[in-house]
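Subject: Structure for you to look at

Hi there,

Here is the structure I promised to pass on. Please have a look at it first, and then read my notes below.

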Amino acid sequence: MATDTRTAFPSPYELPDPPGAEGWRHLYPYHLLFQEDRREADESAFWFCDSQHWPSVIKPFETIGAEFAVKCLGEYNTRYFLVPTSYGLERRIHQGYCYLSPVPAPADRVAERVPEFERRAGHYFGHWEQLLAHWKRKVLETVRELEAIRFAPLPETQPAEEVEAGAGTGASDALLTRYDRLIALCHRGWQHHFEFLNLGYAAYLDFFLACRRWFPDIPDLGVARVVQGVEMELFRPDEELKRLAKLAVELNVENRLMPADPGAHTLRALAVSGRPGREWLDAWDAARDPWFNFTSGNGFYASDVYWRDDPSLPLGYIRDYVLRLLRGETIDRDLPGLVADRERITGEYRELLDPAQRPVFDAKLSVARQAYPYVENHNFYIEHWTMGVFWRKARELSRLLRSAGFWPADGDMFHLTRDEVREALFDHVNGWASGSRPVGCDYWPPEIARRRRIMAALARRRPQPALGVPPPSVTEPFTIMLWGIDEERIRSWLGGGSATGGLTGVPASPGTAEGPARVVRGPRDLSLVQEGEIIVASVTAPSWAPVFGKVRAAVTDIGGVMSHAAIVCREYTVPAVTGTGDASTLIPTGRRIRVDGTTGTVTVLD
Amino acid sequence: MSSRYTVPLRSGAEGPPADLVGGKCAGLLELARAGQPVPRAFAVTVDAFRTLFADPALRAAVGAVLSELDPVDLAVAETVSSEIRRLVSGHPVPAELEEDISAGYRALCAELGQPDVPVAVRSSATSEDLTQASFAGQYDTCLWIRGVEAVLDAVRHCWSSLWTARALVYRAAHGVPDEGLGMAVCVQEMVDARTAGVAMTLNPVNGDRSKVVVEAGWGLGEPVLSGEVTPDHYLVDKVLLVPVRTVVGSKFHELVPAPDGQGLLRRPVDDERRAAPCLTAAEVVEIARLAKQSERCGGAPQEIEWALARDLPAPSGLRLLQSRAETVWSRRRGTAAEVTAESGAAGIARALTGL
């Protein structure tokens with residue numbers, strides 16, 4: 001029993017800055033900040049921390065994902081499909097973390113939005129496969145255009161032929177244009193991202209709410225297991241790793257994959273190892289594009305490492321799979337088992353309905369199952385592929401400006417906002433044009449050092465789960481479903497974490513398991529995960545899939561039954577409890593815990 | 001091992017017709033055949049009762065008392081009942097009958113490798129019209145009966161319970177003639193239960209058939225059945241077999257075997273156990289699974305009685321004591337709620353706006 005239960009979360013206006021983080025506000029654009037002249041409105045609103053997508057401090061350049069994603073999400077709800085009850089989300093960056101506040105449609109606009117929603121969304125549901133095929137072409141075009149962008153050093157002089165041909169413009173104009181294009185294509189990627197996503201969730205929600213009426217206490221997990229797909233493109237990268245592991249054993253080249261620190265040198269060694277090695281490398285190359293445009297991060301951070309750019313990650317996973325194969329284990333997911341399980345569960349629920357209701361069940365389920373795979377698969381196309389290329393190009397630019405003397409380290413550019421980068425770029429081309437030393441070469445190095453210290457200070461403090469005043473009730477279905485935020489969750493946040501050795505969360509993937517905890521604070525810690533451990537993380541990304549083959553269970557701080565961790569765990573039949581609030585801060589690595597993914601409890605055993 | 005007047009109730013046995021062993025025994029036999037974990041039991045067939053009641057002297061005596069019955073006067077019904085019951089249970093049992101029942105009991109003891117196995121002796125009525133009524137506790141059950149003599153007494157007691165006051169009034173009110181009445185008796189190994197109770201394969205609150213409700217108390221199940229204690233209440237999803245809600249009750253007392261092994265003892269439960277759940281999540285799931293299987297056997301929603309043996313863990317120590325069709329919600333079709341037929345965008349709009 002909590003003795004001092006709060007009724008509201010801290011006001012963003014009164015939360016003291018972490019020591020050493022003073023001045024952080026100047027690192028973000030004005031419209032992302034809680035502003036003094038909007039205090040009254042912003043203080044009385046409810047802001048939850050979206051640590052599901054932004055679990056760690058966001059560098060100034062990295063706000064691009066938060067800004068574009070949240071804007072595009074809202075745009076589709078508000079202006080494209082006219083979702084009757086929901087507009088978008090307001091967003092703020094506060095002390096380095098992203099906070100969101102849902103914007104409901106005004107009550108007096110709801111009715112008039114209904115027919116338009118039915119028309120537009122109805123069209124999408126009616127032409128789903130066709131429109132989705134079109135969507136894929138658009139995404140591939142965006143990726144292709146991104147891939148084509150090159151950030152090359154400016155020439156000493158414009159080539160004579162170009163000058164004489166009367167081109168009139170040249171390298172500086174091209175550089176500025178390419179940067180603008182890079183940003184525009186990133187925005188376009190996020191536009192693609194949400195074209196189907198909200199509808200995918202809505203179709204799921206429709207079936208979910210119907211199930212709630214038929215079976216009032218149906219666990220969320222029941223609905224999820226009925227709708228969820230089995231073979232999804234999002235799991236393809238992991239499937240490719242398994243295929244390559246099997247091929248290595250088949251070709252007898254597995255020993256070459258065994259070194260403790262695999263990497264680009266492993267591939268080079270294979271290339272000169274004879275025919276089987278080259279054959280394996282061909283298969284590797286074929287898998288790499290596009291499937292290794294895949295990150296262990298989530299696409300929102302400049303530090304996200306993509307398999308394609310750092311082969312040590314996929315090679316490490318392949319080695320794990322090879323080891324398991326050599327031990328005689330099966331590494332394939334039990335797809336027929338998953339399918340049979342899904343059909344059994346579906347059939348049993350359906351059978352329980354009045355026969356007159358079964359066609360309704362079938363119709364809603366068919367829309368949900370048609371739309372739902374997108375909810376997972378888009379991740380590959382946008383977060384992984386599009387954003388993978390985007391970050392690669394952005395890093396290319398950062399290196400270019402580093403060699404031009406703007407900053408000392410390869411990734412320093414990400415300490416600037418994207419508009420500051422545009423300014424720095426202009427500074428750079430101006431220096432080139434005028435033949436003088438750019439101001440940035442003196443301005444940015446100390447400024448970046450200062451910003452680095454601020455970021456480090458911000459990162460030392462965990463975000464508040466929420467800010468402001470919670471609503472009396474949470475009815476907005478997307479908020480509940482996507483972020484797992486409901487009245488109970490808010491109450492538990494307000495009550496503070498329990499210290500009783502037991503944690504509760506969302507029962508996200510059934511089963512129980514015991515084992516030592518492994519706290520994973522980010523993708524970099526993934527390599528520490530040992531066979532038989534239980535992964536405990538603030539949040540997980542779908543791309544952590546390969547480690548789910550060796551862990552016994554998973555526990556996260558954030559997320560509901562449809563969060564990535566939940567979906568992946570069900571796919572890999574690993575018990576999971578999500579949305580525990582603070583498991584990753586309360587449970588240290590090595591502590592033995594019991595995870596009951598059926599009831600949603602985590603027990604510390606010693 | 002089968003004799004003229006007794007039939008073992010176990011899978012593999014050639015099934016006696018229900019009108020020979022009564023509804024309760026027939027039900028248990030069906031469960032045993034379906035592989036359900038029912039306790040060992042044998043039936044004293046209705047022929048045994050008929051043999052006893054074939055004595056014209058007994059029939060005449062009962063008939064005479066019965067003629068005094070006034071169905072609207074309960075006090076008279078009580079007097080008539082106790083007079084007839086005295087006549088029936090006091091009537092000498094023919095030797096061949098006594099031998100058969102004793103042999104049936106001794107066989108049960110031998111099978112379980114334990115002398116004087118405690119048994120529950122339950123009435124198992126044969127009249128079609130009365131099978132429903134019997135669930136309301138129309139007829140008697142004798143618990144924790146040990147030894148041949150006690151078993152014989154209990155069987156006679158069950159026979160005589162055809163003439164409880166309630167049964168008399170019920171038959172009179174529904175115009176059921178006394179001619180052709182019969183009573184078989186079930187003699188069933190009794191589980192020394194750590195926890196016992198009931199389960200229903202739907203949520204009686206809203207008719208939701210995707211749920212199993214489990215109610216449980218400490219000790220034997222009778223206090224839960226009779227409503228003497230507030231049991232723990234567990235709501236389980238029937239498809240996923242996942243507990244979705246638990247409300248811990250107040251189990252003020254429990255019914256347990258007396259320490260000297262003779263009879264049962266009703267004793268208070270200390271504060272700590274009273275408010276503690278009497279089942280683990282895993283046990284709840286096992287019981288729900290058992291109820292679900294019973295529903296599958298019965299082809300309709302069921303109410304079951306179950307018990308968990310004191311000294312065995314959940315799956316192996318779980319016994320199904322009884323299973324019968326649920327009657328309230330099953331008469332309606334499907335679940336309570338209806339969802340409108342729109343799907344796709346129209347369905348979503350409706351779901352979002354609640355219009």
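How far apart do the C-alpha centres of domain 1 of chain B and domain 2 of chain B lie? The separation comes to 26 Å. Please keep in mind throughout that this is a predicted model.

Let me stay with chain B for a moment. Its domain 1 covers 6-189, and domain 2 covers 193-325. Where the two touch, domain 1 of chain B contributes 12 residues and domain 2 of chain B contributes 13 residues. On the domain 1 side, helix H1 (18-33) and strand E4 (141-145) of chain B are the elements that give two or more residues. H1(B) has the largest share of that side, with three residues.

Now to chain A, which has three domains in the assignment: domain 1 (1-126 + 438-496), domain 2 (129-217 + 371-437) and domain 3 (499-604). The C-alpha centres of domain 1 of chain A and domain 3 of chain A are 25 Å apart. In the contact between them, 13 residues of domain 1 of chain A meet 12 residues of domain 3 of chain A. Helix H16 (477-483) and helix H17 (487-495) of chain A are the elements that supply two or more residues to the domain 1 side. That side is made up of six nonpolar, five polar and two charged residues.

Next, the contact between the chains. Here 39 residues of chain A touch 31 residues of chain B. On the chain A side, at least two residues each come from helix H3 (107-126), helix H6 (171-214), helix H7 (220-227), helix H12 (335-352) and helix H13 (358-403). Which helix gives the most to this side? H6(A) does, with eight residues. The chain A side as a whole has 26 nonpolar residues, six polar and seven charged.

The residues in the contact of H6(A) with H13(A) comprise 23 nonpolar, six polar and three charged.

Best wishes

Terms used:
Residues are numbered from 1 along each chain as its sequence is written. Chains are lettered from A and ligands numbered from 1 in the order in which they are written. This is a predicted model: local features need pLDDT of at least 70, side-chain atom pairs count only at pLDDT 80 or more; totals for chains, interfaces and linings use all residues. Domain bounds come from an automatic or database domain assignment. Two residues are in contact if their C-beta atoms, placed from the backbone, lie within 7 Å. Helices (H or I, at least four residues) and strands (E, at least two) are DSSP runs, numbered from the N terminus. Ala, Val, Leu, Ile, Met, Phe, Trp, Tyr, Cys and Pro count as nonpolar, Asp, Glu, Lys and Arg as charged, and the others, Gly among them, as polar.
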